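Here is a friendly walk through one protein model, starting on a helix and ending at the strands. Please keep the 3D view open as you read.

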Amino acid sequence: MDKSTFDKCSFSLVCASDIEEKLLDTLLLNFGDEVFFSLPIFSHGTASGLLNPLEQVIGRSRSVYVQILLTQAESESLQQLLQADFAGTGIRYWASPISLEGELA
């Protein structure tokens with residue numbers, strides 16, 4: 001049944017392909033009961049120091065996009081984990097409030 005869920009957010013992350021497994025493992029270990037997905041993408045505007053020479057020429061990098069639904073408290077916990085375990089990796093993240101959530105059974 002659909003319900004208002006203003007206490008939840010959609011937490012989005014973009015990371016380099018080489019740290020994908022570590023990030024997904026972190027999410028599974030700490031938020032394994034939450035719904036999330038990951039997709040291979042190309043990202044633009046990535047810090048040039050994190051791009052290989054070919055990526056610098058073409059202006060994009062192979063990346064992974066991850067989105068997870070979290071409560072506000074879980075979102076804060078994830079931010080702390082990112083700061084502690086992924087400093088210097090160039091992960092970009094943002095959160096947006098969820099106004100509706102549901103599951104069709």
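Exposed here means over 50% relative accessible area, buried means under 20%, and partly exposed lies in between (1.4 Å probe, protein chains only). The model is a predicted one, in which local features need pLDDT of at least 70, side-chain atom pairs count only at pLDDT 80 or more, and totals for chains, interfaces and linings use all residues. Residues are numbered from 1 along each chain as its sequence is written, and side-chain values use heavy atoms, with hydrogens and water left out.

Helices (H or I, at least four residues) and strands (E, at least two) are DSSP runs, numbered from the N terminus. The buried residues of H1 are Leu23, Leu24, Thr26, Leu27 and Phe31. They line one face of the helix, because they fall within an arc of 155 degrees seen down the axis of H1; the arc is that of the directions from the helix axis to the C-beta atoms. The cover over these buried residues includes S1, strand S2 (36-43), S3 and H3, where contact means heavy atoms within 4.5 Å.

How does H3 compare in its layout? Its buried residues are Ser75, Leu78, Leu81 and Leu82. These cover an arc of only 120 degrees around the axis, which puts them on the same side of H3. Ala73, Gln80, Gln83 and Ala84 are exposed on the other side of H3. Among the elements that cover the buried residues of H3 are S1, helix H1 (20-31), strand S3 (61-71) and S4.

The table sets out the length of each helix; the expected span is 1.5 Å times one less than the number of residues.

| Helix | Residues in helix | C-alpha span, end to end | Expected span |
|---|---|---|---|
| H3 | 14 residues | 20 Å | 20 Å |

## The nonpolar core

A nonpolar core is a set of buried Ala, Val, Leu, Ile, Met, Phe, Trp, Tyr and Cys residues joined through side-chain atoms within 4.5 Å. The largest one has 18 residues, and Leu23, Leu27, Leu78, Leu82 and Ile91 are those with the most contacts inside it. S1, H1, S3 and H3 are the elements that give two or more residues to this core. Leaving out residues up to four places away in sequence, Leu23 touches Leu13, Cys15, Val66, Leu82, Phe86 and Ile91.

## Strands and polar pairs

Where does Ser10 sit? Ser10 belongs to strand S1 (residues 8-16) and is buried, at a relative accessible area of 8%. Its side chain makes a polar contact of 2.6 Å with that of Gln67. A polar contact is a pair of N or O atoms within 3.5 Å; within protein, one must be able to donate a hydrogen and the other to accept it, and residues adjacent in sequence count only if both atoms are side-chain atoms. Beyond its neighbours within four places in sequence, Ser10 also has contacts that include Trp94, Ala95 and Ile98.

The structure holds 1 salt bridge, a term for a side-chain nitrogen of Lys or Arg within 4 Å of a carboxyl oxygen of Asp or Glu. Glu101 and Lys8 form a salt bridge through their side chains (3.4 Å, N to O). The pair links distant parts of the chain, 93 residues apart, with Glu101 in the segment after strand S4 (92-97) and Lys8 in strand S1. Lys8 is buried, with a relative accessible area of 18%.
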